[in-house]
Every structure is written in C-alpha cells, then in structure tokens.
Amino acid sequence: MLKRGSFVLKEVLKEIFSLDYTKFQLKALVNNVLIGTVTVNIFSPIIVVSVLWNHYDNQKLIIWYICSFFLGIIRIFVGARLKRYLQKDNEQKIDFYFKIYLAIIAISGLLWGILIYFGISLADDTYMLFMVTALFSLIAGSTITIGSVFLAPLLFVVFITLPVLFVLKIHSFNLLHIMEAMLIISFIILMLKTSYKNKKLAQENQIYIDLLGQYQNITNSSSIVSKTDLKGIITYANENFCKISGYTQDELIGKNHNIVRHPDTPKLVFKDMWDTIKSNKKTWSGIVKNKAKNGDSYYVSATVSPIFDIYGNIKEYMALRHDITSIMSDKKQLYDYLSVNKLSVLVMIQIEEHATLETFYDRCTLAKIEFNFGESILSLFPNHCNFNKVYYLENGLYACVKSRRECQKSEEYLEKIIKTFISNVEKYKIRLGEIEYDISVICSFSYGALNLYEDVKLGIEKAIENKKRIVYADGLYGYEYENALKNIETLKILKIALDDKKIVSFFQPIIDNKTLKVSKYESLVRLVDKNSKILAPHEFLDVAKKGRYYLQITKIVLENSFAILNNIKEGVSINLSVLDIESSEIKIIIKKLLEEYKDSAHRVTFELLESEDVKYFDDIIKFIEEVKEFGALIAIDDFGTGYSNFERLLKYKPDLLKIDGSLIKNIKDNKLSQNIVETIVLFAKKQNIKTVAEFVESKEIYYIVKEMGIDYSQGYAFGKPEELV
C-alpha cells in the first residue's frame with residue numbers, strides 16, 4: 001500500500017514539475033510578458049516601496065527596486081527570445097529559454113517574498129493588512145498572467161509565500177496571524193487549483209486544436225475550400241480553389257463568388273442555395289458547373305453552410321467542394337469544351353468492328369481493351385499533334401479536340417496526321433497479361449464552329465457504312481439535316497395519303513416465257529399526293545419504315561392484292577419484308593385473308609426479300625409452312641446479289657426465284673452476269689424451282705433469258721405497273 005502511495009506521489013510530482021507543455025500554452029505565457037513585467041517588476045513595486053519608504057531602510061528599498069526593475073528587463077528579453085523560437089519551432093532553443101524564464105519567475109517571487117517579509121516584520125502592524133492584500137493580488141495576478149503554464153505560478157507562489165509564512169510564524173504569532181496564515185494558505189490552494197485546472201483545460205484544448213489542425217490540413221489537401229462574407233464576397237480561398245479555377249488568391253479575395261459561375265448553371269440553383277443558407281440558416285448541397293479563368297468548365301459537388309457567432313447570428317459562409325469533373329460524362333465534358341471554344345478541331349476514333357468484339361470478348365476483357373487503348377491514344381498520335389485529353393464516348397468511340405487558335409493546320413495536314421495515327425495503331429498491341437490484342441480504327445475529323453460534334457459523329461457512321469478509314473466530315477450534319485427535313489415532309493405526305501386513302505396498288509405482269517401469256521401480276525404500292533402525282537416506293541417506303549406508317553401501308557397492299565383476285569383469273573404476287581413477317585399483326589391479317597380467299601389462295605405468291613436484318617429464321621420458316629398449307633406459293637425476290645444464300649434458300653423451300661434485275665439488265669454485255677444467272681438457273685432446275693427474270697426491258701434480253709431456261713419474265717418489255725380495274 002505504501003509502495004502504491006509512493007508511486008502515485010511520484011507520478012503527481014512528476015506531472016507537476018514536468019516541462020511538457022504545448023506550444024499554445026507557451027505562447028500564452030510569453031504573450032503576457034509585458035503585462036506581467038510592468039505589474040510585478042515595475043509598477044506594483046513602486047507602490048509598495050512608496051508605502052514602506054518611511055518605515056524601512058530606504059537604501060535597501062532602492063536596491064530591491066533596482067533588482068526588480070532589471071529582473072523585469074531580463075524577463076522581457078528572455079520572453080521575446082522564447083516567443084521568437086516558438087515561431088521558428090526550434091525545440092532546443094525553446095527548452096533553453098523556457099527554463100530561464102521559469103527561473104526568472106521564481107526569482108521574481110522570491111524578491112517579492114523578501115520585501116513582504118521585511119514589510120510585515122519591520123513596519124507597523126497597521127501596514128500588515130496592506131502587505132497581505134498585496135500578497136493576495138500578486139498570487140491572483142500570477143494565476144491570470146502566467147497561469148497557462150502551471151509550473152510558473154506554482155514557482156512564483158512558493159517563493160513568494162515561504163518568507164511570508166515564516167515571518168508570520170516568528171513575529172507575534174497570535175490568533176490574527178494564524179487566521180492570516182490560514183487565509184493565505186487557503187487562497188494559495190484555491191489559486192493553484194484553478195491554475196492546475198487551467199493547465200489541464202489548455203492541454204485538452206490543444207489536443208482538440210491539433211485534431212482540428214489535422215482535419216483542416218486534410219480538408220485543404222482534398223477539398224476546394226472558400227469562405228465569403230454575408231454579401232458573397234470571397235474572404236478566403238485555399239490552394240485547391242486557386243488551382244482548379246486558374247485564379248490566384250489575390251484575384252479571388254475581395255471578389256464576388258460569381259467570378260467562377262458558369263452561365264449554363266440555372267439561376268434557380270443559386271436562388272435555392274441562398275434561400276437555404278441565408279433564409280433557412282441550413283446547409284445546402286448540390287452539383288454545380290463552374291467556369292475557370294481560361295473558360296474551361298469544371299464540375300464540383302458543393303456543400304455550403306452558414307457559420308454562426310455565439311448569439312446565433314450568421315457571421316460568414318463556408319463552402320467545401322470536391323472536383324467531380326473526371327466522373328462526369330466525357331460526352332458532357334466534350335460538349336462543354338466545344339461550347340466554350342466555338343472554333344475547334346475535332347477528331348473521333350472508332351474501334352473498328354466494335355460490335356463483333358462485343359460478341360467475341362467478355363465484357364470485362366473488352367472494357368480493359370478499351371481502357372488500355374484510350375490511355376494510349378495520345379502517345380499514338382504524332383508528337384507535334386499536341387492533343388492533351390482523350391474523351392471516351394462509349395462503345396469504342398473516342399474523341400480528341402483542340403481549339404482552332406492552337407491548331408491551325410489544313411485539312412490535308414490533319415488527314416496526314418490521322419493517317420500516321422492509324423498506321424501507329426496497326427503496329428500497336430494491347431497486352432493483357434500474357435495475351436496480346438490487335439485492333440484497328442476508323443477516324444472522322446473536321447473543324448468549324450457550327451454542329452462540329454454532329455458532323456464528326458456522322459462522319460464515323462459514314463466511314464462504317466462506306467468502309468472507309470478516314471472521313472472528312474465538314475457539313476455532313478447540314479446534309480443530314482436537309483434529308484431529315486425531306487423525311488419530315490414525306491411523313492406529312494404519307495399521313496395525308498393514308499387519311500385520304502391515296503395509297504394504291506399498281507400491278508405489273510409476269511409473262512410465261514413459253515406461252516408469252518400473263519401468268520400473274522406483281523402488286524406494287526404507289527402513293528398519290530395532293531397534286532395527283534404518283535410516287536414510287538423508293539420515294540416514301542424507307543421513310544415509312546422509320547416512321548409508324550409502314551405496317552399500315554402493308555395492310556392496304558395486302559387488302560388491295562387479295563381484292564384484285566376477284567377481277568382477274570391470273571395470280572398475284574405480293575412483296576413481304578422481314579419487318580412484315582416479324583409483325584404478329586400482319587401475320588394475323590395474312591392468315592385471315594387466306595381463309596377468306598381460300599379458293600384463290602393457290603393464286604397468291606408471297607415474295608420474300610433477302611435481308612441482313614433477319615433475326616429469327618425459325619419464325620420465317622414457320623410463316624412459309626403456314627401459308628403453304630393454304631396453297632400459297634413462296635418466291636425469293638432479288639436473288640443473286642446482296643444477301644442471297646443458297647443454304648438459306650434450301651431451308652425456305654421456295655417455289656420461285658426472282659433473279660435480281662441488276663444481273664438481268666446487263667446480261668447482254670456482261671459475261672460475269674451471264675455466268676451467275678446460268679448458275680442460278682441450273683441450281684433452281686435441280687431443286688425443281690421456277691425462275692423469274694426481272695428488268696426484262698427489251699426483246700434481246702427476253703430471248704437471252706428464255707434461251708437460258710428461265711421460266712418467266714417481268715419488265716417494261718411486257719408492261720409497266722398499272723392499275724387494274
């Protein structure tokens with residue numbers, strides 16, 4: 001038990017006499033050097049000496065005051081040095097001057113103790129109360145001026161009170177002196193207790209201050225920080241704010257915060273923010289688009305909060321922001337760049353056959369390929385190109401852009417640069433682990449102010465469509481826009497024609513080459529406009545497919561084609577696209593018409609157009625089987641070019657093959673066309689399939705196709721498409 005008590009006592013004494021104080025406490029100590037010196041070493045001694053002047057040895061009083069005065073000068077000097085090294089954070093010098101300063105405090109206390117000792121012992125009793133009051137004042141003053149460092153007032157109090165208690169004990173030790181001694185001791189204990197609490201509180205505060213300092217450093221290093229006054233004038237901006245905005249602190253401080261406001265950000269956003277932080281006195285959060293000094297856009301996730309004083313009044317506003325530009329859509333960033341830099345050079349790069357890559361590689365591998373390639377694009381451009389950012393627009397499409405002010409190269413020069421880039425890409429290999437991947441690209445580029453993005457994007461589409469490696473895309477959007485206007489006008493014409501029942505069917509005869517008699521008629525759709533002009537399918541049908549009118553046209557053609565069976569004894573041939581066959585509504589209509597005209601169903605032929613758009617072959621085969629059950633025939637239209645496929649032909653089991661007109665119209669002079677047609681006819685005869693030659697425009701062609709063994713002919717040589725009454 002004694003050992004434990006001894007240990008506790010040692011720990012208490014160790015803490016009391018420890019020199020481990022925070023810099024904040026030491027700064028508080030030296031900040032009061034002048035006040036303490038004037039009070040303890042200069043001003044107060046004058047008062048006490050003047051009171052004792054006629055009751056004590058004046059020469060000794062003068063010597064005492066001179067010692068106190070010079071001790072005060074030394075105290076000021078040492079305090080100034082300590083303050084200086086605290087600012088320089090020189091640990092060794094701080095420790096040295098701190099110890100000297102404590103010694104000066106102790107000596108100062110001892111000087112006062114000696115003076116009060118002699119004042120009480122040699123002066124009249126009437127001055128005893130004055131000296132004790134002076135003692136209380138000095139003890140209380142020490143707690144106030146040097147109480148931030150507990151050891152300082154402790155040393156001062158110990159050295160000032162020991163002589164006083166000693167003199168009270170030996171000088172007329174009566175009841176009054178006992179009460180005075182007890183009062184002094186109680187006051188000393190109270191003051192030292194207060195000083196010790198202040199020490200602990202200061203240390204705790206310093207811990208919080210250090211933590212706050214660390215939080216502040218972390219916030220400053222990771223966030224964009226600013227403060228404004230009540231009017232929105234910037235009073236503080238950290239380094240990150242300056243870095244992202246492009247402004248210096250001098251350019252920001254004193255300016256309204258709207259110096260970085262982007263005109264694209266709606267005013268309602270800022271109204272909502274001010275209502276929240278000013279009127280409702282709450283924190284506001286949101287995403288804001290800002291504008292840097294050079295005009296570039298950047299995005300921040302912002303939190304703005306009012307800062308209150310102790311009375312609950314708003315003192316200022318503080319904003320924390322995080323740069324989220326990198327996680328915003330690259331397309332949006334590219335739009336922002338083009339909106340600021342009105343005249344720019346834009347290059348788009350598309351990984352070739354990207355859709356094929358999507359089916360060949362898993363999603364994770366493709367994402368890695370795209371990322372690695374995107375990271376390498378700038379290095380694959382020639383060094384003098386000076387693009388500084390790659391925008392990833394998804395699906396293997398990338399873009400590089402440069403202000404025209406910084407890149408004034410000609411179209412020819414830019415194309416040369418892009419050719420070099422494409423060549424570098426072909427030599428480049430993407431390495432993922434131990435596997436290397438080769439890729440190829442197509443590029444589109446242009447420069448200008450209006451519709452630049454749209455031009456170059458359309459250039460990529462044209463490059464894919466026309467199988468080109470580079471497309472100069474100037475004006476493509478304007479051309480497409482004109483087409484779009486034409487399409488809109490065509491859609492209007494279609495709408496009117498449908499409402500006015502001006503979608504009609506014309507019929508072109510198909511001749512039996514042996515008898516020269518009409519075997520059947522092909523049903524061909526026509527549109528009669530408001531001026532009674534007859535429009536052929538190529539003028540409106542593609543637009544109808546892109547709109548919502550195509551299936552309505554198919555319904556009308558089907559109804560017209562079946563209805564004509566009542567007026568003719570020959571058959572009728574009806575064109576069906578993949579879009580028609582994949583439509584459940586059209587298939588229901590066809591089935592209904594076949595049932596209605598079941599006695600004439602054997603005179604109906606459905607012409608199927610070969611297409612790359614076929615997705616569900618099983619559905620087409622099922623359709624063929626269903627209509628054949630009614631006795632209808634199946635023909636394959638435009639066979640011999642495009643997407644013709646002998647293997648698919650065998651699956652369809654058609655009754656007729658309509659040989660593509662592009663082969664027939666050149667058959668007189670083109671040996672290759674002759675060979676292809678002969679092959680088709682030979683194949684068809686072996687499969688017991690009848691053949692029809694389209695585009696038979698002359699007797700010469702008719703004789704050739706007849707001699708080749710083709711069964712039927714269709715073309716202007718035998719009749720144009722006309723209405724049948």
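Q: Why is Cys364 called partly exposed?
A: In this predicted model, Cys364 has a relative accessible area of 46%, and because buried means under 20% and exposed over 50%, with partly exposed in between, Cys364 counts as partly exposed.

Q: What makes Cys242 buried or exposed?
A: The relative accessible area of Cys242 is 14%, and since the term buried applies under 20%, Cys242 is classed as buried.

Q: How many disulfides does the structure hold, and what cut-off stands behind that number?
A: The structure holds 0 disulfides, where a disulfide would be a pair of cysteine sulfur atoms within 2.5 Å.

Q: What is known of the confidence in this model?
A: The protein averages a pLDDT of 82, and 82% of the residues score at least 70. Among the elements, helix α1 (residues 2-16) has the lowest mean pLDDT, 52, whereas strand β21 (residues 712-713) has the highest, 96.

Q: Why is Val48 called buried, and where is Val48 found?
A: Val48 lies in helix α3 (residues 33-52), and its relative accessible area of 3% falls under the 20% limit, so Val48 is buried. With residues up to four places away in sequence left out, Val48 touches Trp112, Leu115, Phe130 and Met131, contact being heavy atoms within 4.5 Å. The C-alpha atoms of Val48 and Tyr65, which are 17 residues apart along the chain, are separated by 10.0 Å.

Q: How do you know that the buried residues of α21 line one face of the helix?
A: In α21 (residues 584-596), the buried residues are Ile586, Ile589, Ile590, Leu593 and Leu594. Seen down the axis of α21, the buried residues fall within an arc of 135°, so they line one face of the helix. Residues three or four places apart in an α-helix point the same way, because there are 3.6 residues a turn. On the other side of α21, Ser584, Ile588, Lys592 and Glu596 are exposed, and the buried residues pack against several elements, including α19 (550-563), β16 (571-576) and α22 (617-629).

Q: What span does α21 reach, and what span is expected?
A: The 13 residues of α21 reach 18 Å from the first C-alpha to the last, which is close to the 18 Å expected at 1.5 Å a residue.

Q: What makes β1 and β2 a pair, and how do they run?
A: Strands pair if at least two bridges are found between them, and 3 bridges join strand β1 (residues 224-228) to strand β2 (residues 234-237), so these antiparallel strands meet the condition. The bridge partner of Lys227 in β2 is Tyr236. The two strands form a hairpin with 5 residues between them, and Gly232 in the turn has a positive phi of about 85°.

Q: Why are β7 and β12 said to stand at the edges of their sheet?
A: The open sheet of 5 strands has the order β7-β8-β6-β11-β12, with mixed pairing. β7 (391-392) and β12 (470-472) each have a single partner strand, so one side of each is left without a neighbour in the sheet. Within this order, β6 (residues 344-351) and β11 (residues 441-448) run antiparallel and are joined by 8 bridges, with Val345 opposite Tyr447 in β11.

How values were computed. Residues numbered from 1 in each chain as written. Predicted model: local features only at pLDDT ≥ 70, side-chain atom pairs only at ≥ 80, totals over all residues. Heavy atoms only, no water. Helix = DSSP H or I, 4+ residues; strand = E, 2+ residues; numbered from the N terminus. Buried < 20%, exposed > 50% of the residue type's maximum accessible area, 1.4 Å probe, protein only. pLDDT = per-residue confidence, 0-100. Expected span 1.5 Å × (residues − 1). Arc of directions from axis to C-beta.
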